[in-house]
Amino acid sequence: MKYTEVKLGDVVQIINGGAWSQEEYVDSGIPVVRVSDINDGRIDLSNCKYLSPQSFDKYKKHLLFEGDLILSTVGSHKTQESSVVGKPAVVRKTEAGSLLNQNAIKIVPSDKRIHREYLRWIGFSGGFRDYITERARGSANQARIAISEIRGYNLLLPDISTQINISSLLNAIDDKIELNRRMNETFEQMTMALYKQWFSDGEDEQKLSDFVDINPLIRLKKDALTLFIDMKALPIDSMSVSDDDIITKPFTSGSKFLKDDVLFARITPCLENGKTAFVDFLKEGEAGFGSTEFLVFRAKDSCCPQYVYCLSRDREFRAYAIKSMVGTSGRQRVQTSSISEFPVAKPDTELMQRFDITTKDWFDQIRSNTKEISELKKIRDYLLPRLLSGEIEVRAALEKAEEVLAGG
């Protein structure tokens, strides 16, 4: 298959995001996508700002359409941070009609030699990301990539038919990843709904410490190779830690935990952001460790692990925890002695047993989906550079991926 080398600027149009003053934002209206709303290749509008619909004509050139590739042009120079310069995302149907903010650009085809979907995968490729990182200028925490540099990126283009076939394969993998994510969201929503329905009220009120052990004693040998996760690995609005964020290293110090424990960020702003996880990645009896800023919750015999996780996500509990924080501004922490006093309605024993049986299957499925997501990402990330360079043909790539795609 013949690939033609071209510069990105020869086949695309690059459009800057708009700039708005704080006074222009309103409580509801047209969503504005900021750099902070881009994460893991996706746009999250849950905390976005809005512009009045009356402003539309003034700013419509910054309108986003489904399938647009967007890219942050300002951010950290550190490639492992979520605020890194060159963060890409593709606009989904739910975000179409939003406006793009400053410090980001949208990149769209301007030449018939490049397909819209193929352009997406160029933006997500490691080679393009490395190119951005190498050419960004500024300090480690505030780097910027010039539009002229982006236009100068050299890429290889096969014929349109091959571009479509490559994109279709990679899209199929991504669709499976997205399906698993949505399934996990549904299982968590079902669990929380059941928790609120069965345990929101009760005649007797007890303390959290009657149901939950906080920071239970676990012994680990110094320098023993142990699974480790840091604070950035804790999810904000889901329960399962990605396999990609779990590493093995010698134990030194930190919060220790076992299977089915709950990890709860106790420091600002991680607590306010919702960082919490259910430990579903360890084997029975296996210990792990992580940040010293984790509180570890373990279910006592009177409840079950899934109940403890739901309690840790409960709005009233989180508000209580935030209120208990003390310390200097920016380094405030939850006080264990205070949080252990949180009042909990005594749950019905029979309902707790039913809740345990019902939700355990859902939690097991979430873990299975999370593991499959990690495997799919590895296959996608293996195939992507090889397909874009022509090192591997679509048929061979399909054979390599179809076994995983057929799973689940």
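This passage describes selected local features of a predicted model. Local features require pLDDT of at least 70 and side-chain atom pairs pLDDT 80 or more, while totals for chains, interfaces and linings use all residues. Residues are numbered from 1 along each chain as its sequence is written, and side-chain values use heavy atoms, with hydrogens and water left out.

Helices (H or I, at least four residues) and strands (E, at least two) are DSSP runs, numbered from the N terminus. Helix H11 covers residues 349-389, 41 residues in all. The distance from its first C-alpha to its last is 60 Å. This is close to the 60 Å expected at 1.5 Å a residue, the expected span being 1.5 Å times one less than the number of residues. At the start of H11, a side-chain oxygen of Asp348 comes to within 3.0 Å of the backbone nitrogen of Glu350. After the helix comes Gly390, with a positive phi near 85°.

Glu188 is located in helix H6 (residues 160-199). Glu188 is buried yet forms no salt bridge. Buried means under 20% relative accessible area, exposed over 50%, and partly exposed in between (1.4 Å probe, protein chains only). A salt bridge is a side-chain nitrogen of Lys or Arg within 4 Å of a carboxyl oxygen of Asp or Glu. The nearest side chain of opposite charge to Glu188 is Arg313, 5.0 Å away. For charge, Lys and Arg count as positive and Asp and Glu as negative; His and the chain ends are not counted.

What does the side chain of Glu188 make a polar contact with? One partner is the side chain of Tyr309, at 2.9 Å. A polar atom of the Glu188 side chain also lies 2.6 Å from the backbone nitrogen of Met239. A polar contact is a pair of N or O atoms within 3.5 Å; within protein, one must be able to donate a hydrogen and the other to accept it, and residues adjacent in sequence count only if both atoms are side-chain atoms. Leaving aside neighbours within four places in sequence, Glu188 is in contact (heavy atoms within 4.5 Å) with Ser238, Met239, Tyr309 and Ile366. Tyr309 and Arg313 are both among the buried residues of helix H8. H8 spans residues 305-313 and is mostly covered, with nine of its nine residues buried.

The structure holds 28 salt bridges. One joins the side chains of Asp68 and Lys106 (3.6 Å, N to O). This pair links distant parts of the chain, 38 residues apart. Asp68 sits in the loop between helix H2 (56-59) and strand S8 (69-72), and Lys106 in strand S12. Both residues, Asp68 and Lys106, are buried.

A second salt bridge pairs Arg92 with Glu178 (3.7 Å, N to O). Glu178 is buried because its relative accessible area is 17%. Arg92, at 27%, is partly exposed.

Arg380 and Asp381 also meet in a salt bridge (3.2 Å, N to O). Arg380 counts as buried at 16% relative accessibility, while Asp381 is partly exposed at 44%. Salt bridges that share partners join Asp40, Arg42, Arg92, Glu95, Glu178, Arg181, Arg182 and Lys377 into one network.

Several backbone features fall in loops. The peptide bond from Thr268 to Pro269 is cis, with omega near 0°. Pro269 lies in the loop between strand S21 (262-265) and helix H7 (270-273). Asn103 is not a glycine, yet its phi is positive, about 70°. Its loop runs between strand S11 (99-100) and strand S12 (104-109). Asn103 is partly exposed, with a relative accessible area of 30%. Asn215 likewise has a positive phi, near 55°. Asn215 is placed in the loop between strand S17 (212-214) and strand S18 (225-229). Its relative accessible area is 38%, so Asn215 is partly exposed.

Val74 belongs to strand S9 (residues 74-75). It is buried, with a relative accessible area of 8%. The C-alpha atoms of Val74 and Ile147 are separated by 11 Å, though the two residues are 73 residues apart along the chain.
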